[in-house]
Amino acid sequence: MLSKKRRRAEPPTIHPRNRYSEDPPDFALLASLYPSFQPFLLPSRRPGGRPTIDWTDFNATRELTRVLLLHDHGVHWWIPDGQLCPTVPNRSNYIHWLQDLLSSNVIPPIKNDDEKVRGFDIGTGANCIYPLLGASLLGWSFVGSDVTNIALEWARKNVQSNSHLTELIEIRNACDPSSSKNIEDGVMGEETPEGSMGNPSMGLGCCSELPVLAGVIKDGEKFDFCMCNPPFFESVEEAGLNPRTSCGGTYEEMVFPGGERAFITRIIEDSLQLKHSFRWFTSMVGRKASLKFLVSKLHEVGVSVVKTTEFVQGHTARWGLAWSFLSPAKKFIALQTPKKNHHSFMLEGLHRQVGAFQVLKSVESFFLAAGASCKSDLSSFSVNVSLMELTEGLQKNGSETSESTASPAESNNFQDPVKGLSFRVSVFQQVPGTLLVRGSLVDKEGSAGSFSLFFQQLEDSLKTEFLKSNTHRRT
Ligand SMILES: C[S@@+](CC[C@H](N)C(=O)[O-])C[C@H]1O[C@@H](n2cnc3c(N)ncnc32)[C@H](O)[C@@H]1O
């Protein structure tokens, strides 16, 4: 089928700033530099192909992560057998997406005690991968939280093995946030078995009752973002926990009552209490159905902005979800937007791996995040967007205009309920590196002003996501 062919030709790719986007790891070179990696090398099945590893062998994937962190990031790292083993290229995508969010300035910076970007990693794990990557790649500072003794112990070990990062990363026990003790002080109760909850003396027996953000953040603390790779699964059976899987992962790392929806709902609930403590709240999401569920929950609680993205995780799709309660900086003025039934803009100077398919997926994510329903037609590289039942969703998204300098009449014009707004967005390849994005109102009776406004927001969002510079012309 055509759509399948195109899907193969233009799969979603890793973030353009990811250091492995153009230069995948060279296993032969790594093995020559790090002899401990050599035993894990397997010849390629293709004649003349690069050597590979057995991706189902935990020891092989752990050693690969160790040498990649050391070779490419100057980070010393280890995890005990069975703990969740992160893939460096995949985890880097989330960091680069956060960097995009922060630099887009949709939400203006909040004041920190210091000038550094400050993040909070919910459930940092024994691997402590996000703080290690964020600190080593971008110099960000982090608080990484967790609730199991083994995660807290090894996250701290991983920080302490890197003297250049110790000032940047604090590991915090979510069950006992006031404790500043480290391993030497004996915060890891020896009487509690490995993997058990960090402070059983608090009587917080079930992990669904443990604090996530509220109660873990200290008074007056401010962060640019929080991030989270949540336990995705509702049960061991669903997680398919198997000691022979390549990435490891213990029960506590993979399973949470109610799965990712329940865990991220906890973050959303806490974010309501901590609206002004974070510029952005974010989480990884493992299922598209959960993403839709969570986006509508966010609209219900009245966030000012929702953003989503799709991450490439090998053959597995994952999504990024971000929201904020702070007032957006962008001034969208309804009447300044021309009321036309057709709009288009060019995305020029695209990274060679960015194709029409990837841009189309982002178009879809953008409108889904606004509460619209979308139907993609991959054969024509188009998505049909309908806001017919979603007056409220549009207004919530439209709250990006609440800071608008428009006159009351202009503002009212934008905030009028939108009825029957449906339009089609198509993506066309012009020449390599240049795509044309065109939108047309399907129902000409729909609000051309709202359509124009949405399309303008789409243009901003796509340019932020895909382009390094913003010198582009509207056609
Ligand atoms: C899927 S693992 C993620 C580990 C690491 N961030 C990564 O991406 O590989 C989820 C982590 O969340 C932790 N966790 C579960 N409940 C938590 C809570 N209430 N607060 C902080 N961490 C929690 C688990 O112990 C586990 O380490």
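Reader: How many residues surround the ligand, and which are the closest?
Author: 21 residues surround the ligand. The closest are Arg91, Gly123, Asp146, Pro211 and Asn229. A residue counts as near if one of its heavy atoms lies within 4 Å. This is a predicted model: local features need pLDDT of at least 70, side-chain atom pairs count only at pLDDT 80 or more, and totals for chains, interfaces and linings use all residues. Residues are numbered from 1 along each chain as its sequence is written, and side-chain values use heavy atoms, with hydrogens and water left out.

Reader: What classes of residue are in the shell around the ligand?
Author: The shell has 10 nonpolar, 7 polar and 4 charged residues. Ala, Val, Leu, Ile, Met, Phe, Trp, Tyr, Cys and Pro count as nonpolar, Asp, Glu, Lys and Arg as charged, and the others, Gly among them, as polar.

Reader: Which atom of the ligand is 2.9 Å from a polar backbone atom of Gly123?
Author: A nitrogen atom. Pro211 has a backbone N or O atom 2.9 Å from a nitrogen atom of the ligand. In Asn127, a side-chain N or O atom is 2.9 Å from an oxygen atom of the ligand.

Reader: And how much of the ligand does the protein bury?
Author: 98% of the 600 Å² that the ligand exposes when taken alone. Accessible areas come from the Shrake-Rupley method with a 1.4 Å probe; for residues, only the protein chains shown count as cover.

Reader: Which elements give two or more residues to that shell?
Author: α5 (129-138), β2 (141-146) and α8 (251-254). Helices (H or I, at least four residues) and strands (E, at least two) are DSSP runs, numbered from the N terminus.

Reader: OK, β2 then. Are its residues buried or exposed?
Author: Buried, 6 of the 6, so β2 is largely enclosed by the rest of the structure. Buried means under 20% relative accessible area, exposed over 50%, partly exposed in between (1.4 Å probe, protein chains only). Ser141, Val143 and Ser145 lie on one side of β2, with Phe142, Gly144 and Asp146 on the other.

Reader: What does β2 pair with, parallel or antiparallel?
Author: β2 pairs with strand β3 (residues 169-173) in the parallel sense, over 5 bridges. Two strands pair if DSSP finds at least two bridges between them. Phe142 has Ile169 as its bridge partner in β3. Between the two strands, the chain crosses through helix α6 (residues 149-160), and this β-α-β crossover is right-handed. That means, with the strands pointing away from the viewer, the path from the first strand over the helix to the second runs clockwise.

Reader: How many bridges join β1 to β2?
Author: 5, and these strands run parallel. Arg118 stands opposite Ser141, and Ile122 has Ser145 as its bridge partner in β2.

Reader: Why is β1 called largely enclosed?
Author: Because 5 of the 5 residues of β1 (residues 118-122) are buried. Arg118, Phe120 and Ile122 point one way, and Gly119 and Asp121 the other way.

Reader: New topic. What is the phi of Asn105?
Author: Positive, about 60°, although Asn105 is not a glycine. Most residues other than glycine have a negative phi. Asn105 sits in the loop between α4 (88-104) and β1, and is partly exposed at 38% relative accessible area.

Reader: And Phe381, buried or exposed?
Author: Buried, at 5% relative accessibility. Phe381 also has a positive phi, about 55°. Its place is the loop between β9 (373-377) and β10 (382-386).

Conventions:
Polar contact = N/O pair within 3.5 Å; in protein donor to acceptor, adjacent residues only side chain to side chain.
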